[in-house]
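Please look over the sequence and the structure before reading on.

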Amino acid sequence: TQTIPADGGGTHTFVVESLDAAGAVLARSAAVVVTLGQAKSSLTLTPFKFKSGGKRYSVVVAMLGTNAPDVRLNRQMIRLEQRSRVGWRLVSYQSTDAAGRVLWLVPRGRFTIRARYTGTSELRSADSRALSVSGV
C-alpha cells in the first residue's frame with residue numbers, strides 16, 4: 001500500500017512490478033494512466049464557411065480538449081450562448097462526439113457567440129472566447 005499526495009487534476013502513470021529476492025524484476029504490468037481530481041480542459045470555437053450543391057453554409061465547431069489521456073471527451077454537454085443587449089442567453093446545447101466535437105449551423109444574420117462547458121467530476125469547466133459570426 002502506498003499513499004500518493006494528489007493535487008487536483010494531476011495525471012500519473014502507475015506500473016506494478018514483481019521482484020525476486022535479489023530485487024530483479026520478474027514481471028511488470030502494463031502502464032495505467034490515472035487523473036486524480038478534475039483534469040484541466042479547454043474549449044475552442046471555430047467558424048467555417050463552405051459551399052455544397054450550389055448552397056452556401058456557415059457553421060461553427062466547438063472542440064473540447066484536455067491533456068489527461070484517461071478522461072473521455074464523448075457525451076459532454078456543450079452550451080452555445082449568444083450575446084444580447086442584456087447579457088448572454090442560451091440558444092442551443094449539444095453532446096460531444098467521441099473526439100469532443102460539436103457542430104452548429106449558423107442562421108442568417110450576424111451574431112456574437114460563445115461556447116460553455118460546465119464541467120464534471122472528472123473535467124473542469126471551460127469557456128471559449130467570444131466570436132463574431134455571420135450566417136449566409
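## Basis and secondary structure

Strands here are DSSP runs of E with at least two residues, helices are DSSP runs of H or I with at least four residues, and both are numbered from the N terminus. The model is a predicted one, in which local features need pLDDT of at least 70 and side-chain atom pairs count only at pLDDT 80 or more, while totals for chains, interfaces and linings use all residues. Residues are numbered from 1 along each chain as its sequence is written, and side-chain values use heavy atoms, with hydrogens and water left out.

The protein chain holds 12 strands and zero helices, giving the pattern β-β-β-β-β-β-β-β-β-β-β-β along the sequence. Its radius of gyration is 21 Å, well over the 14 Å that the globule rule gives for 136 residues, so the chain is more spread out than a compact globule. That radius is taken over C-alpha atoms, and the globule rule is 2.2 Å times the number of residues to the power 0.38. Along its principal axes, the C-alpha trace of the protein chain spans about 75 × 40 × 20 Å.

Buried means under 20% relative accessible area, exposed means over 50%, and partly exposed lies in between, with a 1.4 Å probe and protein chains only. By this criterion, 28% of the 136 residues of the protein chain count as buried.

Leucine 64 belongs to strand S6, which covers residues 55-66, and this leucine is buried, with a relative accessible area of 2%. Leucine 64 and threonine 118 lie 54 residues apart in sequence, and their C-alpha atoms are 11 Å apart in space.

Arginine 75 sits in the loop between S6 and strand S7 (77-84), where it is exposed at 68% relative accessible area. Its phi is near 55°, a positive value in a residue other than glycine. Most residues other than glycine have a negative phi.

Methionine 77 is found in strand S7 and counts as partly exposed, at 37% relative accessibility. Together with Leu90 and Tyr93, Met77 forms a nonpolar surface patch with about 310 Å² of accessible area. Patches are made of residues with over 30% relative accessible area and no salt bridge, nonpolar side chains (Val, Leu, Ile, Met, Phe, Trp, Tyr) being joined within 5 Å and like charges within 9 Å. A salt bridge is a side-chain nitrogen of Lys or Arg within 4 Å of a carboxyl oxygen of Asp or Glu, and accessible areas come from the Shrake-Rupley method with a 1.4 Å probe, only the protein chains shown counting as cover for residues.
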